[in-house]
Amino acid sequence: MSDSVETAAVAAPVPGAPFTGQTGTVVRSTVGQRLFKNPLGLVAMAILLAISLLAILAPVLAPFQENYSNIAKTLAAPDSVNILGTDSAGRDVWSRLLFGAQLTLLSALLCAGVAIAIGLPAGLIAGYYAGKFEAVSNWAVSILMSLPGLIVLLTIRAAFGPSVWMSMIAFGILISPSYFRLTRTAVQSVRNELYVDAARVSGLSDLSIIARHIFSVVRAPIIIQTAAIAGVAIAIQSGLEFLGLGDPTKATWGVMLSEGFKNVYLNPTLLFWPAFAMALTIGGLVLLGNAIRDALEDGEKIKHRKKAALSTTAAPAAARTVPAAGGKSVAAVDAGTEHHLLKVANLGVGYPQADGSVKKVVDDVSFHVDRGEILGIVGESGSGKSQTAFSILGLLPDNARIVAGSVQFDGNYTVAPGEERVDQARLSKLRGKRISYIPQEPMSNLDPAFTIGHQLVTPMVRVLGISKEEARKRALKLLADVGIVNPELTFGAYPHEVSGGMAQRVLIAGAISCEPDLVIADEPTTALDVTVQADVLDLLRELQQRLNIGVVLVTHNFGVVADLCDRVAVMQNGRLVEEGSVRDILRNPTEQYTRTLLASMLEGKTPMSMLVSSQKEPVA
Amino acid sequence: MIRFIAKRLGSGLVVLFVVSALTFFLLYISSGSIARNILGDQATAEQVAMKEHELGLDQPLVLRYFAWLADALSGNLGASWFTSEPVANSLATRIPVTMTMVFAAMILIAFCAALIGVIAAVRRGWVDRVVQVGAIIGDSIPGFVIGVILVTVLAIQLGLFPATSTISPESGPDAWLYSMSLPVIALLVNGVTGGAQQIRSAVIKQLERDYVRTLRSRGIGEREILFKHVLRSAAPAGLTVLSLQLIGMLGGVVIIEQIFALPGMGPLAVAATGQSDLPVVMGVVMYTVVVVIVVNLLVDIINGWLNPKVRVS
């Protein structure tokens with residue numbers, strides 16, 4: 001398809017992707033190529049091409065005129081002259097099928113054309129300039145969307161008489177909102193992108209910005225939408241003709257179906273051909289739309305993979321010095337000899353790929369955490385630190401596999417050696433009760449439909465088996481403990497009524513509500529304002545010391561590590577690079593990668609400053 | 001919440017007004033000599049003029065619209081130009097037939113599509129693949145073609161069902177239900193295949209939300225997460241899917257009734273359209289728009305009730 005150019009540029013092979021070969025095995029191709037490789041896409045295109053050719057060549061291929069009737073030969077069975085037989089008026093079924101294809105495809109094109117001609121510019125203007133035009137068109141859209149297509153077409157028929165073109169223009173107008181919405185949404189999301197701003201600053205006119213940047217975004221969705229709309233248009237046009245409200249002088253599939261239905265007792269095969277032609281054409285369009293969508297989504301996946309690969313190469317100097325295997329600096333844990341609260345040994349996590357390979361995101365990671373201890377896991381995005389945390393919690397996505405190693409909690413395996421999946425039966429007894437979780441993004445981790453109080457009370461009732469009333473008292477005390485000034489008010493509030501910092505305090509309260517032994521905190525301060533970050537870290541430290549719990553703190557921020565942790569493990573590309581006490585590692589990092597990370601973060605800056613994260617880029 | 005409902009109700013009335021005006025002007029501006037159509041070619045010019053006066057067609061269009069509107073507000077939708085039957089009466093006898101089928105089909109669609117869609121989203125595996133393939137097949141075959149196939153195969157060739165459904169409720173609930181089953185099946189096939197797939201996507205989208213993972217980490221069971229949290233958040237999307245299907249079905253049922261020779265809105269609408277019997281066409285459009293507005297209002301109210309941001313304010 002026409003997207004090939006951009007997508008090819010994006011999906012070009014990334015030289016030197018350091019992943020252990022898995023990303024390299026992905027077949028990279030353009031949308032068009034992927035479409036041709038998809039068997040369903042090929043079949044769809046072949047069907048549509050064949051039907052279009054038959055329609056175009058109808059005057060040549062059809063042995064008879066569309067309305068030529070041989071009264072002496074009605075409802076005849078197929079023979080050498082009428083290869084599909086004749087209908088009740090002695091007209092040739094094959095010829096009528098061909099002319100019907102012509103009209104059907106033309107009417108679908110007209111409908112989609114009208115819909116695009118109205119919906120696309122309206123969507124562009126509404127999305128790009130917003131304001132009054134958008135308000136008015138949204139209102140018009142809501143009216144158009146509330147009318148059933150067939151009823152509108154009946155009205156048009158009553159007003160203008162039987163005309164395929166009139167009804168398809170009307171249906172095009174009626175269905176134009178689908179293009180309008182699609183374009184408006186796409187434009188809105190692109191409008192504020194940096195490159196569009198840059199184009200605007202550099203003095204390009206609105207028109208050329210739209211032409212250059214926005215059309216390339218909406219083109220593929222419009223092709224998908226057009227396939228769907230053409231199918232719907234064919235269905236509704238045929239329905240109208242089936243009702244006998246079409247143009248009686250034209251041979252169409254709808255008329256043929258209606259003709260066949262009238263003679264269903266005499267010759268049911270008359271029904272078969274138009275129904276088959278309709279299903280084949282609409283099915284071809286549906287499949288084509290699906291195939292293009294799949295091709296685009298595969299492209300997206302490749303893009304993401306490429307981004308992940310790039311970010312892991314962000315520190316090339318350091319990357320080269322990563323030891324091939326574990327390396328001596330990685331803490332060696334002798335299985336079974338010590339009794340730690342949490343012991344992760346040689347853990348590997350991977351995702352099976354479409355081509356049968358497994359993409360490893362965590363590889364040979366070992367560490368342990370004791371009661372009353374905070375272990376920091378540091379690394380860039382994509383280093384596998386969150387995946388490690390989710391393996392401990394047993395909350396990996398469904399398609400993730402444990403490819404190696406084990407996880408022990410309090411002496412018992414939650415992932416035994418050789419198991420492919422986390423044992424949910426074992427972990428569901430621990431989760432909430434002994435192991436709990438503080439997420440990264442406070443707002444999206446509370447269910448917007450329930451009050452904060454409800455979301456604190458329910459786990460306590462379920463896990464601790466206490467009464468609602470008691471759970472309520474405990475929840476109010478917890479809210480006070482995490483520094484919320486008016487616990488009663490927050491208890492009754494919905495998530496959208498509190499600030500991000502307060503929501504994170506609520507989530508921390510939830511994490512400690514059932515007195516866990518181990519808390520997994522996944523970037524607990526990343527989404528918060530700088531001042532709130534410090535408060536939340538203080539709160540975490542205070543709670544951890546008071547309750548004497550073990551904490552695994554996942555972060556990309558060495559400032560947080562220095563502030564809070566006892567020990568730290570540094571991860572890169574799914575592997576553990578270095579592990580030790582915070583003091584040792586900060587003063588005396590043995591690995592080049594750790595040094596690079598530290599050098600980029602601690603240059604005379606106070607820990608936890610927002611600059612820390614933005615300072616990461618210059619390293620690359 | 002009451003303000004929210006009042007606002008939606010108000011905008012529904014505005015839509016009703018706009019659509020009625022648009023339809024009225026569209027119908028009366030574009031159709032040629034109405035009186036000539038009714039009286040036939042033999043009528044003299046005087047007879048045509050008299051008929052035009054009788055129907056009020058010699059009045060300005062705007063005046064005629066407001067006259068129609070005033071009548072409509074008092075429940076009088078005019079009379080058919082061909083049968084002289086009051087439009088309101090025709091609607092009253094036919095709406096129950098059509099709405100019975102539409103509601104029966106919608107309830108079954110809601111139940112089946114939700115059940116299959118949720119199972120496909122939660123279990124994935126083969127159910128999911130069946131739903132995906134089913135959606136493609138359902139999208140490929142228009143509902144009325146399914147109706148035609150059902151009649152041909154099940155009623156005519158196998159004789160399992162009556163081919164037409166003119167049996168009235170008075171002839172016994174069994175026979176009536178039996179005769180209604182084919183048209184209802186014809187109406188619901190596309191709805192179930194399409195609805196199941198869209199509900200599946202809506203549920204998967206919710207299952208992937210962050211708070212679901214956090215609920216799991218708190219020790220809440222899968223069943224409770226699904227029924228209390230996920231389905232509740234997926235409900236607005238599911239309801240929207242179903243309401244759009246209901247709107248589409250108001251058109252689809254016209255053809256289905258024609259196929260099964262049911263005395264509902266379909267034959268009335270088709271006959272009126274073919275003859276350009278404009279008062280009846282206006283009546284059919286108004287009935288449709290009212291149903292659509294009521295359905296949208298109900299969906300808005302349920303969604304508002306599910307969404308605390310609306311409920312609280």
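The exercises below concern a predicted model and are each followed by a worked solution.

**Exercise 1.** Describe the size of the interface between chain A and chain B.

Solution. 
Step 1. The size of an interface is often given as the accessible area lost when the parts come together.
Step 2. Between them, chain A and chain B bury about 5200 Å². Carbon and sulfur atoms account for 73% of this area.
Step 3. Counted by residues, the contact involves 62 residues from chain A and 62 residues from chain B.

**Exercise 2.** Find the polar and charged links across the interface of chain A and chain B, then describe the side that chain A contributes.

Solution. 
Step 1. Side chains of opposite charge can pair when their charged atoms come close.
Step 2. Between chain A and chain B the count is one salt bridge. R462(A) forms a salt bridge with E224(B), and the closest N and O atoms of this pair are 2.5 Å apart. The cut-off is 4 Å, so the pair qualifies.
Step 3. Several elements of chain A give two or more residues to the side that touches chain B, including α10 (206–242), α12 (269–312), α16 (452–464) and the strand β6 (435–438).
Step 4. That side of chain A divides into 42 nonpolar, 14 polar and six charged residues.

**Exercise 3.** Locate the salt bridge of R505(A) in chain A.

Solution. 
Step 1. Over all chains, the count comes to 26 salt bridges.
Step 2. In one of them, R505(A) is joined to D535(A), with the closest N and O atoms 3.8 Å apart.
Step 3. R505(A) lies in helix α19 of chain A, while D535(A) lies in helix α20 (residues 530–547) of chain A. The two residues are 30 residues apart, and the pair links distant parts of the chain.

**Exercise 4.** Which residues make the nonpolar surface patch of about 660 Å², and which elements supply them?

Solution. 
Step 1. The patch is made by L49(A), L53(A), L54(A), I56(A), L57(A), V60(A) and L61(A).
Step 2. At least two residues each come from α3 (39–56) and α4 (58–61) of chain A.
Step 3. α3(A) gives the most, with four residues. L49(A) has its place in this helix.

**Exercise 5.** How many helices and strands does chain B have, and what box do its C-alpha atoms fill?

Solution. 
Step 1. Chain B has 13 helices and zero strands.
Step 2. Along the principal axes, the C-alpha atoms of chain B fill a box of roughly 85 × 55 × 35 Å.

Definitions and conventions
Residues numbered from 1 in each chain as written. Chains lettered and ligands numbered in written order. Predicted model: local features only at pLDDT ≥ 70, side-chain atom pairs only at ≥ 80, totals over all residues. Heavy atoms only, no water. Contact = heavy atoms within 4.5 Å. Buried area = accessible area lost by both parts, 1.4 Å probe. Salt bridge = Lys/Arg side-chain N within 4 Å of Asp/Glu carboxyl O. Nonpolar A, V, L, I, M, F, W, Y, C, P; charged D, E, K, R; others polar. Patch = residues over 30% accessible without salt bridge, like charges linked within 9 Å, V, L, I, M, F, W, Y side chains within 5 Å. Areas by Shrake-Rupley, 256 points an atom, 1.4 Å probe, with all protein chains shown as cover.
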